[in-house]
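Please look through the following briefing with the structure open beside you.

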Amino acid sequence: MEPATAGYGQHVPRRLLVIRLVVLLTALLGVNYVAWRWVFSVNWDAWWIAVPLVLAETFSLVDSLLFGLAMWRLKERGEPPPAAPGLTVDVLIATYNEPIDLVMRTARAALAIDYPHRTWVLDDGNRPEMREAAEAEGIGWITRSAEWAGMPRHAKAGNLNNALLVTEGEFLLILDADQVPLPAILDRTLGYFEDPQMALVQTPQWFANVPDDDPLGSQAPLFYGPIQQGKDGWNAAFFCGSNAIIRREALMQLGVSRYADAVEAGVQRALRTARSVLRQARRGLGPDDDAVRRALDSIEYDISRARRELARGEALMDVTYRFQQRVASVRRELVAADLTALQSDLAAIAELERSAGEADDGLAGIDLGALDQLSARDWSPLGAVETVQALVDAVDVDLGSEAQPIMPMATISVTEDMATCMRLHGLGWRTAYHHEVLAHGLAPEDLPTMLTQRLRWAQGTVQVMFRENPLLQRRLTWGQRLMYFATMWSYLSGFAALVYLAAPIIYLTVGVLPVRALSTEFFIRLVPFLVVNQLLFLVVAAGRPTWRGQQYSLALFPVWIKSFTSAFGNVFLGRSLDFAVTPKTRQEVDRPPWHLVRPQLLAMAALVVAAIIGVVRVGTGHAGAAGTAFNIAWIGFDLAIFSVIIKAARYRGFDPAATAPPTARRGAA
Amino acid sequence: MIEFAVDTTAEGVGVVTPKGRLNMASARGLKEVLDGLVAGGTSRIVVDLAETTFLDSSGLGALIAGLKSARQAGGDLRVARPTEAVTTVFKLTNLDRVLRPRDTVEGAFDA
């Protein structure tokens with residue numbers, strides 16, 4: 001990743017023109033090929049493999065078109081505007097269980113940032129030794145407030161939301177515990193906030209502990225580069241959780257407006273539910289329960305009134321306050337009316353308590369508060385009373401199930417950043433991607449940790465797609481919707497990879513061809529598309545390595561598939577994601593963890609066996625030489641892609657001696 | 001700088017009057033005042049915004065947090081007499097759908 005430098009901007013128009021030309025060519029040739037495939041080339045006799053293959057190819061075409069769309073507006077911002085003096089900034093370092101030394105290394109670097117600011121460690125682990133270490137060096141320490149006890153914690157999003165309410169700077173620099181900031185990070189980014197609509201500036205995540213050949217694919221030179229710059233061109237630069245500067249007002253406004261929306265939706269839903277619960281309760285009443293029936297009628301009348309008031313546009317809090325007061329009073333009447341029936345029970349209980357030495361005045365001592373408690377007790381003989389209680393709880397407009405009513409950082413996903421950013425864009429805020437390495441991070445150094453991290457990212461993205469599909473967000477522009485959708489779409493590659501593996505294996509072993517014929521026309525349409533597609537990568541990358549990224553987008557297919565199935569189970573079936581925090585320190589392993597990549601190893605074995613069978617079939621006259629050669633070449637490509645898995649499993653961690661110091665090569669920014 | 005005048009009416013309603021800019025720097029102060037009132041047994045509260053010259057989303061956040069504490073204690077929080085600029089902030093975030101500002105402090109708990 002080369003940092004943006006002054007003067008680079010002069011080349012942009014020509015570079016952009018070239019990119020647009022190749023984007024157009026790719027789109028034309030791609031549509032030409034895939035349309036022809038659908039209309040003329042699907043071997044419907046072997047539909048069970050032919051249809052999956054043409055679908056996979058269509059997936060790849062859409063992926064390529066979305067990439068092209070982003071590149072169409074590639075925005076290289078160059079030198080940032082100067083930072084205005086006198087802004088207030090909080091630097092927030094989020095930690096959960098990382099070693100104290102690692103957090104303190106980041107915290108000291110944060111303290112040393114040039115622009116005036118305050119530094120805070122957000123310690124979700126609530127560790128006394130973390131607090132001691134931070135405060136000894138004049139660094140603030142924040143942990144969850146008492147309100148969070150027994151409430152959903154929402155991981156990092158919750159940690160940040162908690163800190164937002166106890167800090168007060170106009171701007172927040174968010175850092176992961178292992179992202180060591182450079183002193184210039186604020187001076188180089190605050191200038192963008194001269195634009196009053198600018199909510200967020202993201203800088204690259206670059207990792208210092210990665211060798212040049214990057215066996216685990218940690219660096220994302222294409223993402224923290226052209227892809228973010230392309231999204232930036234559509235005002236859709238992504239927030240990536242760390243190394244970003246955010247305007248507090250934007251986040252708080254998001255929190256307040258989300259609160260207002262949530263209350264409105266919650267109240268409407270609660271009133272609907274209340275009515276059906278009420279009708280349910282009435283069905284269970286006997287002929288003698290007149291008093292109860294009257295009470296339920298009265299509450300049903302109040303529900304209708306509340307709904308009418310809401311429809312008239314009365315403020316939610318006024319409507320629900322009146323409703324809750326009415327229900328509370330009906331409930332008290334009900335319990336009072338039923339007390340005669342209860343008296344014998346109560347006497348027995350009072351007797352018990354007296355014998356235990358706790359004098360009780362019996363019924364005379366029961367005040368309204370005690371009645372409230374009474375109706376909540378399990379032993380209450382009236383199921384309807386409990387139902388009434390449930391109604392009141394349901395219309396609890398204070399979102400009682402959350403620690404804070406205001407949750408600026410989105411909690412709908414394990415990766416809070418993407419959802420938060422999409423909502424900010426929905427409110428009309430702008431974001432920027434500043435292409436300059438301003439923090440040195442640590443990447444996972446072993447395969448298990450890397451796989452956990454990639455799974456988490458993918459799951460988070462897919463969760464957002466299921467919960468708040470960007471294509472349906474009416475407040476986003478179409479460009480923004482497609483930029484968000486593109487990232488989600490790309491994770492579908494796991495399913496496409498399965499088909500790309502299966503097709504050559506099926507041809508070589510049983511001779512079934514998913515296309516009508518491997519004719520000249522087929523190659524004339526396919527090959528130019530493949531060539532311009534690679535050319536687009538080449539032009540866009542401008543010297544950045546892209547092969548690792550291409551390898552991993554297919555080679556991690558089991559991870560991508562799992563992210564879809566687990567996120568689907570989580571969002572629609574309420575299952576756990578098996579969420580794990582990414583370990584920041586190396587896990588010691590004695591031998592390569594082959595078991596974690598078993599699907600890939602099996603796939604590679606199947607490819608090799610299929611190639612051998614294919615050769616034998618040609619030798620015995622069961623298969624044509626041309627088709628076999630084409631499919632063996634395809635297998636060769638698949639094996640080259642998958643070879644990275646073996647490299648990754650054998651990787652033993654970063655050895656600084658084997659690589660030149662990163663500052664000499666990359667840190668010149 | 002901001003000042004919070006705190007008063008209690010004869011009916012036991014707490015009246016908080018933030019004087020000055022209610023922004024990210026002073027929001028926490030307001031939240032503490034409101035929490036203090038609720039903890040002291042005053043759960044019906046009016047926040048008089050007549051002397052609030054500026055209100056941002058952090059200020060709104062403090063009002064919402066106060067509303068939550070008051071409601072959990074069985075009371076309520078009402079806002080009264082916002083200036084035009086403050087009303088705009090309510091509208092911008094849709095919070096006017098949730099909280100209706102009252103015209104007077106005295107009548108804030110009437111309806």
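Predicted model: local features only at pLDDT ≥ 70, side-chain atom pairs only at ≥ 80, totals over all residues.

Phe207(A) stands opposite Gly441(A), a residue in strand 10 of chain A.

- Strand 7 of chain A and strand 10 of chain A, the latter covering residues 439-441, are paired in the parallel sense over two bridges.
- Three strands of chain A make up an open sheet in the order 5-10-7, and the pairing within this sheet is mixed.
- Strand 5 (179-181) and strand 7 (206-207) of chain A are the edge strands, each of which pairs on one side only.

**The largest nonpolar core**

- The largest nonpolar core holds 196 residues, and the members that touch the most others are Leu92(A), Ile93(A), Leu173(A) and Ile246(A).
- Helix 7 of chain A, which spans residues 248-283, gives the most to this core, with 13 residues.
- At least three residues of the core come from each of domain 1 (12-83 + 188-241 + 415-652) and domain 2 (259-394) of chain A.
- When neighbours within four places in sequence are left aside, Leu173(A) is in contact with several residues, among them Val89(A), Leu92(A), Ile185(A) and Ile245(A).

- Leu424(A) belongs to helix 12 of chain A, which covers residues 416-426.
- Leu424(A) counts as buried because 23 other C-beta atoms lie within 10 Å, where the cut-off for a buried residue is 20 or more.
- Beyond its neighbours within four places in sequence, Leu424(A) is in contact with Ala199(A), Leu200(A), Ala250(A), Leu254(A), Trp429(A) and Thr431(A).
- Between the C-alpha atoms of Leu424(A) and Glu170(A), which are 254 residues apart along the chain, the separation is 16 Å.

**A hairpin in chain B**

- Strand 1 of chain B (residues 3-8) is hardly covered, since the count of buried residues among its six residues is zero.
- Strand 1 of chain B runs antiparallel to strand 2 of chain B (residues 14-22), and six bridges join the two.
- Within this pairing, Glu3(B) stands opposite Lys19(B).
- The hairpin has five residues between the strands, and Gly12(B) takes a positive phi near 85° in it.

**Where the chains meet**

- In the contact between the chains, 21 residues of chain B meet 23 residues of chain A.
- Helix 2 of chain B (residues 57-72) gives the most to the side of chain B that touches chain A, with nine residues.
- The residues on that side of chain B divide into eight nonpolar, six polar and seven charged.

Methods: Residues numbered from 1 in each chain as written. Chains lettered and ligands numbered in written order. Contact = placed C-beta atoms within 7 Å. Helix = DSSP H or I, 4+ residues; strand = E, 2+ residues; numbered from the N terminus. Nonpolar A, V, L, I, M, F, W, Y, C, P; charged D, E, K, R; others polar. Core = buried A, V, L, I, M, F, W, Y, C linked by C-beta atoms within 7 Å. Buried ≥ 20, exposed ≤ 12 C-beta atoms within 10 Å, placed from the backbone. Domains from an automatic or database assignment. Pairing = 2+ DSSP bridges.
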